[in-house]
Amino acid sequence: MYQPSGTSVPSASLGPEETIPWSPGQAAELFRPGSRHLLDSGEWATATTLPAGVLHLPTGRLVAADPSWLMSWERSGIAPFTATVPPGSYPLTLALVERPEDKHVAAARLAIRDEPVAAWEMALRPGQDLGTLRDGEAFTVGVDVATIALFDTVALEAMARRTEEDPDSYYVDQADRPVELHDHASDANLIAFNTGWGDGGYPVWIGRTTTGAVACFVIDMAMLAPPPTPTSSSPS
């Protein structure tokens, strides 16, 4: 199910016997506070939402990456998604699932437009082709330190230097305590947050409006049980 630890290039990582019916709409439902969800562990959990800050995108080109890989970003294949948005500042929200003993980040949503999502698509990096994927596979953000960071590509080299000089700067110790770093030269920032059960590979979905504009990006931590398979009625 997950991207193997230590893999250097985030990519599709599911084998033919491990297909998952990815459901961006199901992940989007996590942003309804108080809603109940069946986890892939077989447990039920309640969803809550947490404002995680405002992400500044001076160029509108979003990067999602494991911050521990930034110091080797070229070799690791870290690059912005091909879908761009107008330069600006956008609110980030985390969807947490709570059990009596703990809480986890089940999804993250970067809101671009306050409009309904009419269609979902997988976020791609340059060179990625949906036609190369088999059923149930996804291009993912590979994670080795249970953390994903979001930022504008203009700050990539600055954030790489920052994380190399101070690896603790991006450390997130709790699901409800995201970390923010700033690059004053570019007026960009980085927001880092925990990922689901921990290390793995997580797809990023783009929600589009009826006009085709980007409404949001949703990072799915793959914590939910697959939606039930529709069954057809036998003809009477």
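Arg99 is buried, at 15% relative accessible area (buried is under 20%, exposed over 50% and partly exposed in between, with a 1.4 Å probe and protein chains only). Keep in mind that this is a predicted model, where local features need pLDDT of at least 70, side-chain atom pairs need 80 or more, and totals for chains, interfaces and linings use all residues. Numbering runs from 1 along each chain as its sequence is written, and side-chain values use heavy atoms, leaving out hydrogens and water.

Arg99 makes a salt bridge with Glu43, with the closest N and O atoms 2.5 Å apart (a side-chain nitrogen of Lys or Arg within 4 Å of a carboxyl oxygen of Asp or Glu). Arg99 sits in strand S4 and Glu43 in the loop between strands S1 and S2, so the pair ties together parts 56 residues apart in sequence (strands are DSSP runs of E, at least two residues, numbered from the N terminus). Glu43 itself is partly exposed, at 29%.

## Other salt bridges

The structure has nine salt bridges. Among them, Glu29 pairs with Arg32 at 2.6 Å between the closest N and O atoms, and Glu98 pairs with Lys103 at 3.9 Å.

## The nonpolar cores

The largest core has 45 residues, and Leu110, Ile148, Leu150, Phe193, Phe217 and Ile219 touch the most other members (a core is a set of buried Ala, Val, Leu, Ile, Met, Phe, Trp, Tyr and Cys joined through side-chain atoms within 4.5 Å). Strand S4 supplies its largest share, six residues. A second, separate core of 17 residues includes Ile78 and Val172.

Terms used: Helix = DSSP H or I, 4+ residues; strand = E, 2+ residues; numbered from the N terminus.
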